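Subject: Structure handover

Hello,

Here is the structure for you to look through. My notes on what was found in it follow below.

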Amino acid sequence: MSELSVLHYRSGSSYFHRMDARFKLLGLALLSMAGLQAGPIGLGVLSLLVLAVFFITRLPVLDLARELRYFAVLLAFVWAARALSTPGHTALELAGLQFSRQGLYEGGLICWRLLMIACMGAGLVFVTRSSEIRWAVEWFLRPVPLIPARRISVMIGLIIRFLPMILDQARATAEAQRSRGMENRKNPVFRLIKFAVPLLRRTFENADRLAVAMDARCFNEERTEPELISRPADWAALSVVLCICGVAIGF
């Protein structure tokens with residue numbers, strides 16, 4: 001039986017589990033924007049913050065690394081492309097390709113920034129219910145004119161709930177095919193087709209069952225809203241986030 005993806009909400013009693021979802025989203029947005037402008041020292045501070053959050057919330061880091069392995073491959077391509085396209089002194093030459101020192105440095109910073117944003121997003125999903133994220137998104141979008149805040153928040157909530165289901169189904173499909181010796185087939189195209197077809201079929205079947213279940217329960221966008229209450233600890237956390245953003249941008 002396949003284990004659940006780490007990109008699920010896990011109940012807990014930590015400080016970050018109890019935080020107001022609005023402050024979590026705002027903090028994530030601020031830290032992500034600061035991370036895109038941060039240098040090595042600022043990224044180091046953000047990395048320490050992420051590790052501290054993972055330790056407090058007991059997020060399984062090894063499981064998260066396994067979930068992000070394909071994202072790591074994408075980062076490797078980004079790093080290599082940056083190293084090849086940036087002019088500068090040659091630091092490495094491989095198979096006729098010249099990787100510049102400046103490109104390796106800038107590519108490493110870009111990958112570090114993207115990795116921090118991905119880890120912070122995973123941490124948010126780990127400590128926040130999808131319903132809380134939906135309510136927070138609706139609260140932020142409600143003052144914006146000409147935007148259907150309720151509809152957008154429902155869509156975001158469904159996406160957050162459905163993506164882990166797809167990852168779980170992909171892992172279950174891969175394990176089932178591995179048990180049947182699919183790895184012995186040398187043709188990668190054949191293996192990809194045999195993996196993608198059942199995964200897509202089960203994904204569409206789950207989506208169809210979800211739509212039927214929502215329709216049977218007369219689901220609509222007009223639902224009772226929860227009372228969102230901020231506490232002094234939430235404002236204190238936001239102050240800390242602002243300070244960290246200042247340090248990240250300044251260094």
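The largest pocket is lined by 17 residues, and those nearest its centre are Arg69, Tyr70, Ala174, Arg178 and Phe195. A pocket here is an open set of points on a 1 Å grid over the protein atoms alone, with protein on both sides within 12 Å along at least five of seven lines; a cavity is a set of points where a 1.4 Å probe fits but cannot get out, and lining residues have an atom within 4 Å of a point.

Before the rest, the conventions. This is a predicted model, in which local features need pLDDT of at least 70 and side-chain atom pairs count only at pLDDT 80 or more, while totals for chains, interfaces and linings use all residues. Residues are numbered from 1 along each chain as its sequence is written, and side-chain values use heavy atoms, with hydrogens and water left out.

Pockets

The volume of the largest pocket is about 580 Å³, where a volume is the space filled by probe spheres set on the points, and grid points are joined across faces, edges and corners. At least two lining residues each come from helix 4 (61–67), helix 5 (69–85), helix 8 (149–179) and helix 9 (188–216). Helices (H or I, at least four residues) and strands (E, at least two) are DSSP runs, numbered from the N terminus. Helix 8 supplies the largest share of this lining, seven residues. By class, the lining of the largest pocket holds nine charged, seven nonpolar and one polar residue. Ala, Val, Leu, Ile, Met, Phe, Trp, Tyr, Cys and Pro count as nonpolar, Asp, Glu, Lys and Arg as charged, and the others, Gly among them, as polar.

The second largest pocket has a volume of about 450 Å³. Its lining has 23 residues, with Phe16, Lys24, Leu31, Val53 and Val241 nearest the centre. Helix 1 (15–18), helix 2 (21–37), helix 3 (40–57), helix 6 (101–127) and helix 10 (232–250) each give at least two residues to this lining, and the largest share, six residues, is from helix 10. The class count for the second largest pocket is 19 nonpolar, two polar and two charged residues.

Cavities

Over the whole structure, the search returns two cavities of 30 Å³ or more. The second largest cavity holds about 30 Å³ of space, and its lining consists of Phe162, Met165, Ile166, Gln169, Thr203 and Asn206. Helix 8 and helix 9 are the elements that give two or more residues to this lining, and helix 8 gives the most, with four. Three of the lining residues of the second largest cavity are nonpolar, three are polar and none is charged.

Aromatic rings

There are three aromatic pairs in the structure. Rings of Phe, Tyr and Trp (its six-membered ring) pair if their centres lie within 6.5 Å; planes under 30 degrees apart count as stacked, over 60 as edge-to-face and the rest as tilted. One of the pairs is Tyr15 with Phe16, edge-to-face at 5.4 Å centre to centre and 70 degrees between the planes. Phe23 and Trp235 have ring centres 5.0 Å apart and planes at 80 degrees, so this pair is edge-to-face. The pair links distant parts of the chain, with Phe23 in helix 2 and Trp235 in helix 10, 212 residues apart.

Tyr15 is partly exposed, at 27% relative accessible area, and Phe23 is buried, at 11%. Buried means under 20% relative accessible area, exposed over 50%, and partly exposed in between (1.4 Å probe, protein chains only).

Arg22 lies over the face of Trp139, 4.8 Å from the ring centre. A charge sits over a ring if NZ of Lys or CZ of Arg is within 6 Å of the ring centre and within 35 degrees of the ring normal.

Backbone and overall layout

Which loop holds Arg58? Arg58 is in the loop between helix 3 and helix 4; its phi is positive, near 60 degrees, and the residue is exposed, with a relative accessible area of 73%. Leu146, in the loop between helix 7 (130–141) and helix 8, has a positive phi of about 65 degrees and is exposed at 89%.

The protein has ten helices and two strands. The C-alpha trace spans about 65 × 55 × 40 Å along its principal axes, and buried residues make up 35% of the 251 residues.

Regards
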